[in-house]
Amino acid sequence: MPKSLTKALNPPQKLAVTFGEGPLLILAGAGSGKTRALTYRVAYLIKERQVDPKRILLVTFTNKAAGEMRQRLEKLVGRDHSAGLFAGTFHAFCVRLLRIDGGKIGIEPNFVIYDEADSLAVIKKAIKNLKLNPKTYKPRGVKSLISQAKNELISAEAYPQYARGEWQKGVAEIFLEYQRLLNRFRALDFDDLLMKAVYLLKKDQPTRQKYQDRYQWVLVDEYQDTNKAQYELTKILAGKWRNLAAVGDFSQSIYAFRGADYRNINQLKQDFADLRQISLEQNYRSTQTILDAATAVIAKNSLHPVLTLWTKAGLGAKVKIFEADNEKEEAGFIVATIKNDPGSHAVLYRTNAQSRVIEEALLKNGMAYSLVGGVRFYARREIKDLTAYLRLINNPKDLVSYQRLEKLGKRSLNRFVNWLDQKKNIDKLPTRKILEQVVKVTGYLDRFDKKNEEDLNRLENIDELNSVAEEFKDLGAFLENAALVEAADRPTLKGKENHEGVTLMTMHNSKGLEFDTVFMIGMEEGLFPHSRSSFNKEDLEEERRLCYVGMTRAKRQLYLSYARGRFYFGRRNYNTVSRFLADIDEGLLEFVNQEFDIIT
């Protein structure tokens with residue numbers, strides 16, 4: 001490796017990159033250059049150790065991350081020298097393995113891969129075949145439980161012994177029928193790709209030996225995000241040469257709801273007794289003040305180690321705190337601040353429903369924004385469904401709304417039409433009352449499963465629509481506002497980060513990104529930490545990690561805001577300030593009071 005490349009590394013990075021043989025754990029804090037360490041290590045193996053790229057397996061979680069690593073590597077060693085290297089996602093690797101060798105466990109090479117929608121359709125068919133009640137066994141909830149089982153390497157045949165209670169016993173029946181249908185259709189779902197690959201490698205010794213012989217070096221990114229299946233896969237592949245390099249950070253494990261288990265990092269120490277650990281704690285993104293504030297929050301966690309990040313960037317500005325009277329004043333403050341502040345900006349929130357007030361404030365002030373990992377509030381499916389009912393009340397000849405509701409379900413539409421025929425002057429009631437009656441008459445909420453994370457988000461969006469309805473007593477005015485906001489011209493901003501403009505996203509979606517200025521809104525008990533997480537130690541620690549991830553997205557300036565009163569989830573709330581704010585030393589904070597003339 002050229003000396004100029006080595007010079008670009010700090011001492012711990014250099015140690016990690018030039019580490020010899022054996023298992024290696026790189027604990028890499030936020031903004032500490034983990035991607036650099038990983039790609040430079042691969043470059044080191046190819047250039048200095050003369051390792052054939054075909055003997056290297058580089059696994060990560062997203063196609064985007066894999067693409068970025070490939071590009072960096074080509075710049076370091078050239079395209080020719082990196083040819084044959086596998087750099088891709090766990091799922092991509094498993095697809096390749098199963099296409100070639102899946103026949104040994106009865107998987108035909110031309111199997112099809114079912115996405116979420118396909119899988120749900122098959123689960124619905126399984127429920128129907130078993131003559132079970134789809135209201136009792138909601139497909140999304142069932143799919144979530146089956147997915148959890150597969151991530152834990154529990155097969156359909158083994159699942160009944162884990163089922164507790166009548167409902168789970170029903171899920172066990174559906175699981176068996178679902179798997180039977182998948183086999184009949186020669187299909188695998190995304191969880192099968194991992195589970196079947198692990199099963200193949202464990203069951204067939206020649207296949208296991210072939211891949212263990214081939215991959216002398218196994219490198220895995222974001223190890224804190226691995227589930228049991230992914231952990232087992234990497235452990236098996238590294239079983240012969242034991243040259244496993246895992247990069248991770250306990251404090252950035254925020255995907256437990258997807259099956260991620262940060263404890264897998266600790267499990268490495270059990271399975272590889274000679275594991276060498278190198279910590280990357282120098283941060284290249286944020287100011288020391290931002291890092292100290294974030295560390296104060298995460299340091300309260302006791303279930304995992306916490307890195308202490310430092311930077312040469314200097315102290316920087318204090319973390320600014322804004323106390324708003326309500327959510328509209330909070331949005332107004334953000335818009336006014338962004339107007340007077342150059343650079344890239346992100347507004348982060350705990351739940352998708354919180355984006356609505358910020359979206360409307362930006363649009364009313366003619367400011368473009370991009371929404372990452374989500375759909376604009378009034379374009380969300382559940383919002384469009386319910387506004388279609390309201391539009392039909394306002395205008396019974398609205399064919400577009402009628403056809404949407406017809407596709408949604410003829411029974412619920414007939415109930416709605418019959419109810420509407422019996423009601424006179426329903427449109428004269430307050431909008432909130434009309435919306436509540438529509439939801440009740442149509443049984444719209446029955447389609448959602450409170451055991452499913454995605455459905456819980458949709459229910460929160462519906463509650464937020466109730467908040468809007470409360471603002472507009474007149475149905476016509478409510479619908480006019482919704483239409484104007486939805487139709488407003490909003491140029492899409494290009495690029496993932498560092499662009500001029502405003503990016504809105506949940507804190508979960510912010511991971512891996514960075515911005516000059518970050519606003520974290522809704523810093524209130526019950527909202528963040530979320531009320532669903534307040535009474536369980538593990539859940540609360542995950543909320544702290546999420547807060548830490550959000551705070552460490554900021555390069556130059558971090559704003560934390562809360563409201564004394566907030567109308568959200570369909571009601572006025574007066575919550576106390578988030579405990580996360582109380583964790584931060586007052587010397588790092590500065591309260592701001594700002595007069596602004598902004599349309600909200």
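Visitor: Is Val372 buried, partly exposed or exposed, and what is its relative accessible area?

Guide: Buried means under 20% relative accessible area, exposed over 50%, and partly exposed in between, with a 1.4 Å probe and protein chains only. Val372 has a relative accessible area of 27%, so Val372 is partly exposed. This is a predicted model, in which local features need pLDDT of at least 70 and side-chain atom pairs count only at pLDDT 80 or more, while totals for chains, interfaces and linings use all residues. Residues are numbered from 1 along each chain as its sequence is written, and side-chain values use heavy atoms, with hydrogens and water left out.

Visitor: Where does Val372 lie, and which residues does Val372 touch?

Guide: Helices (H or I, at least four residues) and strands (E, at least two) are DSSP runs, numbered from the N terminus. Val372 is in the loop between β11 (369-371) and α17 (381-394). Contact means heavy atoms within 4.5 Å. Not counting residues up to four places away in sequence, Val372 touches Thr503, Leu504, Met505 and Asn509. From Val372 to Leu504 is 132 residues in sequence, and 6.2 Å in space, C-alpha to C-alpha.

Visitor: Which residues does UniProt list under "binding site"?

Guide: UniProt positions are given in the numbering used here, with feature names shortened, and annotations may be inferred rather than shown by experiment. The unreviewed entry lists Ala28, Gly29, Ala30, Gly31, Ser32, Gly33, Lys34 and Thr35. The annotation "domain: UvrD-like helicase ATP-binding", also from an unreviewed entry in UniProt, covers residues 7-287. Over residues 7-287 the chain is 51% helix and 12% strand, with the end C-alpha atoms 23 Å apart.

Visitor: Where is Gly29 placed, and is Gly29 buried or exposed?

Guide: Gly29 is in the loop between β1 (24-28) and α3 (34-47). Its relative accessibility is 4%, so Gly29 counts as buried. Beyond four places in sequence, Gly29 touches Asp249, Gln252, Leu280, Leu307 and Leu309.

Visitor: What does the side chain of Ser32 reach?

Guide: A polar contact is a pair of N or O atoms within 3.5 Å; within protein, one must be able to donate a hydrogen and the other to accept it, and residues adjacent in sequence count only if both atoms are side-chain atoms. The side chain of Ser32 reaches the backbone oxygen of Gly29 at 2.6 Å. Ser32 lies in the loop between β1 and α3 and counts as buried, at 1% relative accessibility. Leaving aside neighbours within four places in sequence, Ser32 is in contact with Gln13, Leu280, Gln282, Asn283 and Tyr284.

Visitor: Which residues is Asn10 in contact with?

Guide: Leaving aside neighbours within four places in sequence, Asn10 is in contact with Gln282 and Tyr284. Asn10 is found in the loop between α1 (3-7) and α2 (11-17), and is buried, with a relative accessible area of 9%. A polar atom of the side chain of Asn10 lies 2.9 Å from the backbone nitrogen of Gln13.

Visitor: Why is helix α12 described as largely enclosed by the rest of the structure?

Guide: Eight of the ten residues of α12 (residues 228-237) are buried, so the helix is largely enclosed. Among the buried residues are Tyr231, Leu233 and Ile236. At the start of α12, a side-chain oxygen of Asn227 comes within 3.1 Å of the backbone nitrogen of Ala229.

Visitor: How much space lies in the largest cavity, and which residues lie nearest its centre?

Guide: On a 1 Å grid over the protein atoms alone, a cavity is a set of points where a 1.4 Å probe fits but cannot get out, and lining residues have an atom within 4 Å of a point. Grid points are joined across faces, edges and corners, and a volume is the space filled by probe spheres set on the points. The largest cavity holds about 100 Å³ of space. Its lining has 13 residues, of which Glu327, Gln354, Val357, Arg566 and Tyr568 lie nearest the centre. The largest share of that lining, three residues, comes from β15.

Terms used:
On a 1 Å grid over the protein atoms alone, a cavity is a set of points where a 1.4 Å probe fits but cannot get out, and a pocket is an open set with protein on both sides within 12 Å along at least five of seven lines; lining residues have an atom within 4 Å of a point.
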